Amino acid sequence: MTACPLGHGARVLPADSMPTQPSAQFARWRDADALVPLDFRDGHEGLLVTRYDEAKEVLSDRRFSQQPQRMPRSDAQLDDGFPGGPLDDAGALAVASTNILGLDGEEHRRLRKAVTGRFSVRAGRTHRPRIAEIVAEELENLIAAGPVADLLEHFAEPISIRVHALVLGVSDDLVDRYAQCFVHGAPPQDRHDLLREAIEVRRADPGEDVISDLLANDDLSAAEVEGLLHMLSMSGRDTVAFMISTGTVALLDSAEQYRTLVADPDLVPGAVEEIVRFCTMFLTVFPRTATEDVEIADRTIAAGTTVSVSTVSANRDERRFEDPDAFDVRRDARGHVAFGHGPHGCIGQQVARVELDEAFRALVTRLPGLQLVSTGQHEPSPLANPVATYAARPVLVTGWER
């Protein structure tokens, strides 16, 4: 690996990042180089990708492997919210069989292909009417919880878990337990027991959903069906809840931006892309390790070097986005990497876009006078995962009459 202009001192992810205001350290690193030294928890010294073009290049280059899964060091507090605990043999096999985030090549493509159809653009359109109903119901619950209520607890999280259950095929009578397991935190065995019940319900009564598709796929073992469902239940749902709550903070921090959408709700789809860019959740995505020497940014990354892409930094790269630290709902923010990029890009991003569109459209049309009271999002955020994602925090809002 050729020398970095910042010298030999490896670095850790800073602890002073906030969901709408990344640490200034990212800008300093980005100004210095596209690739800067980064320490990993196992003692490995690798690299952090700070710029947009290089981020897309690494994320799409199949010469980078998901293994080994080294996690970056950080000065930030870790708060993953999920208790540990033992798993029975079937649950352990399920988890070990289907770690899509840790697989490469044909095995990754095989498992990913088993679920992607239910998260397509077409699937998002199909689910939109029911998603709009869920959003409307949860908006009324938010208002009923007022006159000051937590938008995360009473709007963003319920939407995210109910839509997740809808797409996956978790039956209505199991949704409350599903929320307890995958929003509020439950021991691993409780989660797997709940998913097994959901699978058996769909085995007896198939539908147009992920579980039914998995059960109909002769290429999948029982462990892979359970494991894929567990992986999907643990992934993406929290991103939607984070984006609804944090996007609302960004809009209300700049009241003019919220008023712009109130005056013209047709701007919401484009505003969603700006919200996702500006409020990117992943300080870093799952790291990649070079399987051979790779040339990136006129430098040689030696085989065996782990590279972690900062999507937070890449989405604030002035080489790609003009005045990137400004929040502008009229900006064309398409092309951001908030959902990742390449073969491991977010499976559920199209359905997520529908959820976000419906949620923000409902807020600006139904609650034009919405105001921010307080939020933990204005403070440095603990991490919700060792891979380095922001943890969603309460967002207290008001501005309606009960």
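With which side chain does the side chain of Thr 289 make a polar contact? The partner is the side chain of Thr 306, at 2.7 Å. The views below are taken from a predicted model.

View 1. Strand β5 covers residues 288-290 and includes Thr 289. Thr 289 has a relative accessible area of 5%, under the 20% limit, and is therefore buried. Beyond four places in sequence, Thr 289 touches Arg 63, Phe 64, Ser 65, Gln 67, Pro 68 and Arg 70, and also Gly 304, Thr 305 and Thr 306. With Thr 306 there is also the side-chain polar contact of 2.7 Å.

View 2. Ser 308 belongs to strand β8, which runs over residues 306-309. The relative accessible area of Ser 308 is 0%, so this serine counts as buried.

**View 3. Ser 313 in helix α14.** Helix α14, residues 311-314, contains Ser 313. Ser 313 is buried because its relative accessibility is 0%. A polar atom of the Ser 313 side chain lies 2.6 Å from the backbone oxygen of Thr 50. Between Ser 313 and Gln 257 the C-alpha to C-alpha distance is 23 Å, with a separation of 56 residues in sequence.

**View 4. Crossing of helices α6 and α15.** Helix α6 spans residues 151-168 and helix α15 spans residues 349-366; their axes come within 11 Å and cross at roughly 145°. The crossing of α6 and α15 is right-handed. On α6, the contact is formed by Leu 151, Phe 155, Ile 159, Ser 160, Val 163 and Val 167. On α15, Val 351, Glu 355, Ala 359 and Leu 363 take part. Sorted by class, the residues of this contact are eight nonpolar, one polar and one charged.

**View 5. Helix α7 and its crossing with α8.** In helix α7, residues 175-185, the buried residues are Val 175, Tyr 178, Ala 179, Cys 181, Phe 182, Val 183 and Gly 185. Among the elements that cover them are α6, α8 (188-204), α10 (222-234) and α11 (237-253). The axes of α7 and α8 come within 10 Å and cross at roughly 145°, and the crossing is left-handed. Arg 177, Tyr 178, Cys 181 and Phe 182 of α7 meet Asp 190, Arg 191, Leu 194, Leu 195 and Glu 197 of α8. Five residues of the contact between α7 and α8 are nonpolar and four are charged, with no polar ones.

**View 6. Nonpolar cores and Tyr 178.** In soluble globular proteins, nonpolar side chains tend to be buried together. The largest nonpolar core here has 95 residues, of which Leu 142, Phe 155, Tyr 178, Ile 244, Leu 363 and Leu 367 touch the most other members. Helix α6 gives the most to this core, with ten residues. Another core, of 18 residues, lies apart from the largest one and includes Leu 59, Ala 290, Ile 301 and Val 337. Beyond four places in sequence, Tyr 178 touches Ile 161, His 164, Ala 165, Leu 168, Val 170, Val 183, Leu 194, Leu 195 and Ser 233.

Note on methods. Residues are numbered from 1 along each chain as its sequence is written. This is a predicted model: local features need pLDDT of at least 70, side-chain atom pairs count only at pLDDT 80 or more; totals for chains, interfaces and linings use all residues. Side-chain values use heavy atoms; hydrogens and water are left out. Axes are lines fitted to C-alpha atoms, for helices over the stretch in contact, and angles run from 0 to 180 degrees between N-to-C directions. Helices (H or I, at least four residues) and strands (E, at least two) are DSSP runs, numbered from the N terminus. A crossing is left-handed if the near helix is turned anticlockwise from the far one by less than a right angle, and right-handed if clockwise. Contact means heavy atoms within 4.5 Å. Ala, Val, Leu, Ile, Met, Phe, Trp, Tyr, Cys and Pro count as nonpolar, Asp, Glu, Lys and Arg as charged, and the others, Gly among them, as polar. Buried means under 20% relative accessible area, exposed over 50%, partly exposed in between (1.4 Å probe, protein chains only). A polar contact is a pair of N or O atoms within 3.5 Å; within protein, one must be able to donate a hydrogen and the other to accept it, and residues adjacent in sequence count only if both atoms are side-chain atoms. A nonpolar core is a set of buried Ala, Val, Leu, Ile, Met, Phe, Trp, Tyr and Cys residues joined through side-chain atoms within 4.5 Å.
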